Amino acid sequence: MQHKNANITKTQTAVLSVAVGVCIANIYYCLPVLSVIAGDLGLRESQVGNLPVLSQLGYGLGLLLITPLGDKVERKRLILILQTMLIAVLAAITFVRSWQGLYVLGFLTGILAVATQVLVPMAAALAGEKKGQVVGIVYTGLLVGILGARVFSGYVAEWFSWRYMYAISACMMVVTTGLVALFLPKLEPVYQGNYIRLLASTFLQFKRFPSLRRLSFLAAFSFGTFCSFWTTLTFHLSLPPFDFHSDTIGLFGLLAIAGVLVSPVFGRLADKYNPARNQLFTVCFIIVGVLLIQFFPYSLVAFILTTVLLDVGHQSTQITGLAQIYTLDEAAHSRINTMYMTVMFIGGAFGTWAGVKSWTLGGWTLTGWQMLLWACIVMAIAIWGYKASNSCKQRFN
């Protein structure tokens with residue numbers, strides 16, 4: 001049953017925003033401290049680089065197999081189950097001593113962190129007529145969680161140990177799980193079919209809409225470039241001439257806050273103007289950012305500018321893509337969103353893997369060319385979308 005006339009409270013909005021941010025952050029804590037983890041467990045950079053790959057693959061798999069259950073299972077109960085299991089996994093990470101255990105727990109962290117993508121549709125269901133405003137606030141919480149994770153984990157690892165980061169996160173998850181249990185209402189499921197039919201219907205959305213396929217692949221390569229940068233950035237800045245520690249590397253996450261501040265502007269532009277044209281513009285940020293660090297690999301200024309440009313470019317491209325997919329079929333928002341986000345996070349996982357592989361084989365030079373290739377693919381898809389949108393306009397005129 002949909003809560004069309006729901007009147008969500010400020011407390012519930014705050015709980016949703018905080019819960020989303022705390023939950024999604026668990027995928028990104030490892031990025032600034034990969035070198036620290038490698039040193040503690042005696043791993044090579046190529047080995048520890050698989051941790052964010054597995055976390056993102058787990059998140060993509062969870063998006064595909066678990067998130068659609070938000071239409072079939074009572075959402076609050078599903079969220080509480082996922083978050084309780086995530087607390088147990090985070091606690092286990094603090095005791096892990098082998099790369100095998102680290103890989104398994106990292107993968108499970110990604111799967112269970114999809115509670116985030118059950119919380120966001122729950123916010124939309126509770127919001128009633130304030131849907132855009134509430135979802136915007138909750139999505140901001142998600143972005144702050146992603147960005148804040150890099151800063152927080154860098155400092156905790158420098159002052160204490162990387163293991164403390166996951167212990168602290170487990171405690172924060174206990175608090176947010178309690179808040180969800182206390183303040184959020186139960187929502188009756190809206191889908192009556194079985195699980196197999198639900199999944200089949202989810203995949204059908206990808207077949208139904210060519211624009212969904214195009215926008216999903218655009219998001220995948222954009223996110224892949226973004227993740228490749230953030231993973232290999234840790235390795236590069238740990239070496240001469242920078243020799244930065246994890247706390248300093250984590251500070252680069254503060255620069256990325258520009259994405260949170262600027263991206264909503266492009267979301268509003270997507271409502272007023274041709275979103276495909278807007279994406280041509282936002283993808284240019286990604287291209288310029290990658291070119292800067294490729295041709296000035298030892299310039300701190302170049303890396304500062306690229307951090308801002310890549311975050312603004314990716315987040316704005318994603319916001320504009322979401323604005324387009326939500327116009328396809330209002331009755332299938334959750335399933336359309338599942339396909340879009342699944343493809344995007346699989347792209348992020350492969351981008352991370354490609355970045356680590358390039359770093360292992362050819363250092364920063366090969367890594368930069370790999371990111372530039374991915375960024376050019378993003379631009380090619382954006383140009384394709386712009387031409388497709390113009391063709392549609394000409395047919396209707």
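This is a short talk that walks through one predicted protein model.

Hello everyone, and thanks for coming. Two notes before we start. The model is predicted, so local features need pLDDT of at least 70 and side-chain atom pairs count only at pLDDT 80 or more, while totals for chains, interfaces and linings use all residues. Residues are numbered from 1 along each chain as its sequence is written, and side-chain values use heavy atoms, with hydrogens and water left out.

Let's begin with the whole chain. It has 17 helices and 0 strands; both are DSSP runs, numbered from the N terminus, with helices being H or I of at least four residues and strands E of at least two. Of the 397 residues, 58% are buried. Buried here means under 20% relative accessible area, exposed means over 50%, and partly exposed is in between, with a 1.4 Å probe and protein chains only. The accessible surface comes to about 16300 Å², and 68% of that belongs to carbon and sulfur atoms. Those areas come from the Shrake-Rupley method with a 1.4 Å probe, and for residues only the protein chains shown count as cover.

How do the contacts run along the sequence? Taking contacts between residues at least 6 apart, 83% join residues at least 24 apart, where contact means heavy atoms within 4.5 Å.

Now to the inside. The largest nonpolar core has 117 residues, and Tyr28, Ile37 and Trp162 have the most contacts inside it. H17 provides the largest share of this core, 17 residues. By nonpolar core I mean a set of buried Ala, Val, Leu, Ile, Met, Phe, Trp, Tyr and Cys residues joined through side-chain atoms within 4.5 Å.

Asp40 has another partner. Which side chain meets Asp40 in a salt bridge? That is Arg163, at 3.1 Å from N to O. A salt bridge is a side-chain nitrogen of Lys or Arg within 4 Å of a carboxyl oxygen of Asp or Glu, and the structure holds 1 of them. The pair links distant parts of the chain, with Asp40 in helix H2 (residues 34-41) and Arg163 in helix H9 (residues 162-183), 123 residues apart. Side chains of opposite charge can pair when their charged atoms come close. Asp40 counts as partly exposed because its relative accessibility is 40%, whereas Arg163 is buried, at 9%.

Gly178 is partly exposed at 29% relative accessibility, and its C-alpha lies 10.0 Å from that of Thr84, 94 residues away along the chain.

Next, helix H4, residues 50-65. Its 16 residues reach 22 Å from first C-alpha to last, close to the 22 Å expected at 1.5 Å a residue; the expected span is 1.5 Å times one less than the number of residues. Among the buried residues of H4 are Leu51, Pro52, Tyr59 and Leu64.

Let's move to the loop between H11 (210-237) and H12, where Pro241 sits. The peptide bond from Pro240 to Pro241 is cis, with omega near 5 degrees. The loop also holds Asp243, a residue other than glycine with a positive phi, near 55 degrees. Asp243 is partly exposed, at 43% relative accessibility.

Over in helix H16 (residues 300-325) is Gln318. Is Gln318 buried or exposed? Gln318 counts as buried because its relative accessibility is 5%. Beyond its neighbours within four places in sequence, Gln318 is in contact with Tyr139, Tyr340, Met341 and Met344.

Last stop, the surface. Leu291, Phe295, Phe296, Leu361, Leu366 and Trp369 make a nonpolar patch of about 630 Å². Helices H15 (275-295) and H17 (333-396) are the elements that give two or more residues to this patch, and H17 gives the most, with 3. Patches are made of residues with over 30% relative accessible area and no salt bridge, joining like charges within 9 Å and nonpolar side chains (Val, Leu, Ile, Met, Phe, Trp, Tyr) within 5 Å. Phe295, in helix H15, counts as exposed because its relative accessibility is 52%.
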